[in-house]
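Please look over the sequence and the model shown below before reading on.

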Amino acid sequence: MEDKKIDKECPKLVSRKAIKMYGERHIERYSFLERLAHFAHLTALFVLLITGFKIYMGWEFLTYHAALNIHMAFAIIFMVANWIIIPYNIITTECPHCEICDAGGIRGYSHRAMHIARRYLFGPTDAKRVKQILLNYLGKAPYPAYTVFDVKNRGYIDKLHPMTKFLLVFEGAAVGLVFISGIPLYHQQWELLGIPIGHWILLAGDMIGPYFNLGTLALIRTVHLLVAYFFIIEVTVHVGIIELDPKIWKFHKAIFWTGTSDLCDYHYVDLINVDDDEPIAQKE
């Protein structure tokens, strides 16, 4: 009965073969920690933007001190998500099982590092996919498959949208800048384990500020504000990638709730190592 249901719901032969090889129809796409990091990052970001603009513009829905306390509490959540949970998720990301990785040693670790770099860093393959996406919007090319799952070796080769990869480096830099610029705005003499970090940031501002004809605190405040605007643009683009195409709305559900992908789903998906090495786009 279950096989008949799968045959009916999976129009692609390669998907049905993949389910029989893998043993399950639904596979983990995002772990609990990945979903937690995404939810914490997004929630904290929205709260930081709202309370930050309240502090900067003087909106009247909260008192200054209430807004500041909320802002600082969610700044801690934001940093924990971005500097602890997300790096841990990247380092421990699952990789397709292969002989090189299983062998361990320097070669095995290097191979795993290369896989992680391909998973999260924008590269030549992603550039080709972006070009094809742009052509797709002009009606001159199909939308490229950017989720690549190795069925035999039970792991993702790729699962992030190429534009998400492109934005990751800039987002990482923005997280660092918003933290550095936020310290002296909160406490100019802030220290960590006796290290005068706030003072050092002010000294750097003293050196850089004159090049922009700005005082130290004015420069730091401007950087903090510009990063806030960047995050608004970045979230708009990131969400827009999904909203522009109903076929990838399913990733909303995966990242916020289920954490899984369906092997029967063939939109923008390549299933490789299903009896042979040909991807779905070539098989069907």
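## The disulfide

How many disulfides does a search of the whole structure find? The search finds one, where a disulfide is a pair of cysteine sulfur atoms within 2.5 Å. It is formed by Cys10 and Cys264, whose sulfur atoms are 1.5 Å apart. The pair links distant parts of the chain, 254 residues apart, with Cys10 in the loop between helix H1 (2–9) and helix H2 (13–22), and Cys264 in the loop between strand S4 (260–262) and strand S5 (269–272). Helices (H or I, at least four residues) and strands (E, at least two) are DSSP runs, numbered from the N terminus. Both cysteines, Cys10 and Cys264, are buried, and buried means under 20% relative accessible area, exposed over 50%, and partly exposed in between (1.4 Å probe, protein chains only).

## How the model is described

This is a predicted model, in which local features need pLDDT of at least 70 and side-chain atom pairs count only at pLDDT 80 or more, while totals for chains, interfaces and linings use all residues. Residues are numbered from 1 along each chain as its sequence is written, and side-chain values use heavy atoms, with hydrogens and water left out.

## Pro11

Pro11 also lies in the loop between H1 and H2, and it counts as exposed because its relative accessibility is 52%. Leaving aside neighbours within four places in sequence, Pro11 is in contact (heavy atoms within 4.5 Å) with Arg16 and Tyr266. Lys54, by comparison, is 43 residues from Pro11 in sequence and 52 Å from it in space, C-alpha to C-alpha.

## The two sides of helix H11

Which residues of helix H11 (residues 250–258) are buried? They are Phe251, Ala254 and Ile255. These residues lie on the same side of H11, because they cover an arc of only 85 degrees around the axis, the arc being that of the directions from the helix axis to the C-beta atoms. An α-helix has 3.6 residues a turn, so residues three or four places apart point the same way.

What covers the buried residues of H11 includes helix H3 (32–57), strand S2 (147–150) and S4, whereas the face turned away from the buried side carries the exposed residues Lys253 and Trp257. Just after H11, Gly259 takes a positive phi of about 75 degrees.

## Annotated transmembrane regions

An unreviewed UniProt entry gives the annotation "transmembrane region" to several spans, among them residues 62–85 and 166–186; such annotations may be inferred rather than shown by experiment. In the model, residues 62–85 are 92% helix and 0% strand, with their end C-alpha atoms 31 Å apart. Residues 166–186 are 100% helix and 0% strand, and their end C-alpha atoms are 31 Å apart.
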